[in-house]
Amino acid sequence: MAVAEPLAEATALVGLPPPVAGRRSGKARRLRRLAPPLAMAVVVLGGWQLASSSLSGGRQFLLPPPLAVWRVGIFDRQSFDALLPAFGRTAELSVVGLLVAVVLGMASGTVLYRFHWLERASYPYLVALQAIPILAVAPLMAVAFGYTFVTKLIIVVMIAFFPIPTAFLLGLKSVDPGQQDLFRLHRAGWLTRFWKLALPSSLPHLFTGFRISAGLAVVGAVVGEEFFQTGAPGLGMLFQQYLNYVEYDQLYACLLVSCLLGVAFYSLFTVASRRLFGSWHASAHADEPAARRPGR
Amino acid sequence: MSEALLASLPRAAGLGMRGTERSGLSTLSFREVGLVYGDGTAALEGVDLEVAPGELVAVVGPSGCGKSTLLRLASGLLEPTSGAIAVDRDQLGYVFQDATLLPWRTVRANVELLAELHGIGPARRRALAEAAIELVGLRGFERHLPARLSGGMRMRVSLARSLTLDPSVFLFDEPFGALDEITRERLNDELGRLFVERGFAGLFVTHSVQEAVFLSTRVVVMSARPGRIAASFPVPLPLPRQPECRYDPTFTAIAREVSAVLREVS
Ligand SMILES: Nc1ncnc2c1ncn2[C@@H]1O[C@H](COP(=O)(O)OP(=O)(O)O)[C@@H](O)[C@H]1O
Ligand SMILES: [Mg+2]
């Protein structure tokens with residue numbers, strides 16, 4: 001008990017539910033949660049190795065074995081020195097782009113929610129905007145804005161933007177009608193209804209949008225860098241170089257690292273959503289069996 | 001919840017007691033009220049109904065006959081398409097069938113919500129919420145989130161939330177319909193005592209004849225759609241009603257009559 005008390009205090013401080021006696025310890029639970037993806041990694045690596053070694057010698061460069069990717073693409077001094085700063089630059093570009101998309105997306109979601117006619121008027125164009133083939137307009141943008149960070153940023157925002165206002169608007173509009181009646185009954189103004197009812201209700205939807213956008217932002221950043229080939233190299237530029245020099249071990253390493261970036265963003269938002277609404281919304285526990293999620 | 005507690009707490013926290021001194025002041029009245037929904041559904045037709053302070057009118061009727069519509073009209077959430085409604089809506093209590101709690105707010109924060117919407121300051125809000133939570137027997141659960149409460153407890157929170165405004169007109173839309181028999185009877189007892197204590201004008205929709213007779217001073221039966229008042233039965237049993245009064249011959253006689261009319265109009 002004497003040992004458990006500081007632990008209980010610590011969890012209370014960070015706002016987590018107190019550990020319940022008889023439950024599995026946190027370590028064991030984390031292990032159990034990590035086990036399936038780890039097992040999956042083993043399966044995937046095995047499959048990769050098999051597929052690679054089944055290729056004839058002349059074509060094996062198309063899919064180098066995982067160990068080669070690790071040794072030549074990542075663990076090698078020269079590769080690593082190129083990869084790490086590139087990773088940093090791409091991370092920076094996608095984070096800034098994502099932030100801009102979040103701010104713009106939430107702002108436009110709010111405006112469209114406030115003025116319903118505007119939503120009806122502009123939604124078709126939002127959808128059309130999303131359908132623009134970015135690579136086709138990239139040359140135009142290069143002419144308009146030059147080969148700069150900002151141009152790449154615009155590409156990231158264009159690719160990552162759409163899910164945020166869409167998911168946010170959906171969340172804002174899925175407020176329980178009974179709760180809405182309650183607020184109307186007590187003559188709450190628009191701002192009060194937005195702030196105290198619609199916004200908190202929409203958080204689970206909003207975070208779904210964030211998670212989708214985060215992945216897209218990484219794609220946008222890599223695509224932008226690969227197209228513009230300018231400034232200090234990010235993963236996209238590195239990717240193109242390795243492609244040109246037929247250094248496929250490094251190429252795959254590059255690919256893996258950009259995936260890693262996407263996973264990192266995703267996990268960040270998952271942790272944030274568990275913090276924000278894990279105690280009252282089941283979606284924050286989507287990776288747990290249904291029986292353990294909070295009920296209604 | 002002890003009688004002494006019930007008597008002392010509201011006053012201590014500033015929940016004004018209300019007795020007969022307010023009778024005649026605030027009523028709820030329906031004159032020839034009709035409602036046709038936008039899609040052409042005639043939900044109510046020619047409804048005449050008066051509820052005085054200190055009167056709790058129970059409404060029973062076949063499902064879909066317009067009971068919820070009647071309450072939405074009384075609350076002002078809906079405007080009648082014909083006839084006139086007069087209600088003092090300054091202090092309106094409305095308990096929905098669903099508890100409609102905000103899942104991200106604790107019990108206390110949920111109970112404070114209405115006072116918050118009416119611009120009451122934090123200290124007084126807190127006192128009002130505390131008293132209301134005490135009144136519905138949820139002391140000790142202030143920091144729980146709704147997801148961790150049972151259905152009956154959630155309904156109590158909903159009730160407490162309405163009580164903070166000390167309503168002069170109180171509307172109930174099958175609030176205990178989804179609860180088990182034992183919980184429902186206990187909440188009926190408590191609501192009965194609250195009613196005697198507060199003396200509001202109440203309109204209580206239910207599909208349970210037992211509940212209707214036990215709680216009300218009058219039971220009205222509505223006919224199938226378009227709903228109108230088919231019959232009205234005064235319940236002359238003394239208030240506050242004890243649980244045993246459910247076996248009183250007068251009680252059973254009224255319940256039998258109400259059931260008979262209900263079968264006729266369904
Ligand atoms: N918003 C609406 N639009 C059209 N018809 C409605 C609407 N709300 C309720 N109704 C209809 O009006 C009738 C009365 O509904 P309601 O008042 O909810 O009945 P009750 O509460 O007695 O079960 C029902 O037939 C229902 O289908
Ligand atoms: Mg109803």
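**Figure 1. Contacts of ligand 1 with chain B.** An N or O atom in the side chain of B:Thr69 lies 2.5 Å from an oxygen atom of ligand 1. On its own, ligand 1 has 560 Å² of accessible area, and the protein covers 63% of that (Shrake-Rupley method, 1.4 Å probe; for residues, only the protein chains shown count as cover). This is a predicted model, in which local features need pLDDT of at least 70, side-chain atom pairs count only at pLDDT 80 or more, and totals for chains, interfaces and linings use all residues. Residues are numbered from 1 along each chain as its sequence is written, chains are lettered from A and ligands numbered from 1 in the order in which they are written, and side-chain values use heavy atoms, with hydrogens and water left out. The backbone takes part as well: an N or O atom of B:Gly64 is 2.8 Å from an oxygen atom of ligand 1, and a polar backbone atom of B:Cys65 is 3.3 Å from an oxygen atom of the ligand. A polar contact is a pair of N or O atoms within 3.5 Å; within protein, one must be able to donate a hydrogen and the other to accept it, and residues adjacent in sequence count only if both atoms are side-chain atoms.

**Figure 2. The shell around ligand 1.** Residues surrounding ligand 1 include B:Tyr37, B:Asp39, B:Lys67, B:Ser68 and B:Arg225 (a residue is near a molecule or strand if one of its heavy atoms lies within 4 Å of it). By type, the shell has three nonpolar, six polar and three charged residues. Here Ala, Val, Leu, Ile, Met, Phe, Trp, Tyr, Cys and Pro count as nonpolar, Asp, Glu, Lys and Arg as charged, and the others, Gly among them, as polar. Helix α2 of chain B (residues 67-75) supplies the largest share, three residues; helices (H or I, at least four residues) and strands (E, at least two) are DSSP runs, numbered from the N terminus.

**Figure 3. Aromatic pairs in chain A.** Over all chains, the structure holds 22 aromatic pairs (ring centres of Phe, Tyr and the six-membered ring of Trp within 6.5 Å; planes under 30 degrees apart are stacked, over 60 edge-to-face, the rest tilted). One of them is the tilted pair of A:Tyr113 and A:Trp190, 6.0 Å centre to centre with 40° between the planes. This pair links helix α4 (residues 77-114), which holds A:Tyr113, to helix α10 (residues 190-228), which holds A:Trp190, across 77 residues. A:Tyr113 is buried at 19% relative accessible area, while A:Trp190 is partly exposed at 24% (buried is under 20%, exposed over 50%, partly exposed in between; 1.4 Å probe, protein chains only). A:Phe207 and A:Phe277 form an edge-to-face pair, 5.7 Å centre to centre with 75° between the planes. The relative accessible area is 6% for A:Phe207 and 0% for A:Phe277.

**Figure 4. Charges over rings in chain A.** The charged end of A:Arg114 is placed over the ring of A:Trp190, 5.2 Å from its centre. A:Arg211 has its charged end over the ring of A:Tyr266, at 5.6 Å from the ring centre. The criterion is NZ of Lys or CZ of Arg within 6 Å of the ring centre and within 35 degrees of the ring normal.

**Figure 5. Cis peptide bonds in chain B.** The bond from B:Arg225 to B:Pro226 is cis, with omega near -5°. B:Pro226 belongs to the loop between β8 (218-222) and β9 (229-234).
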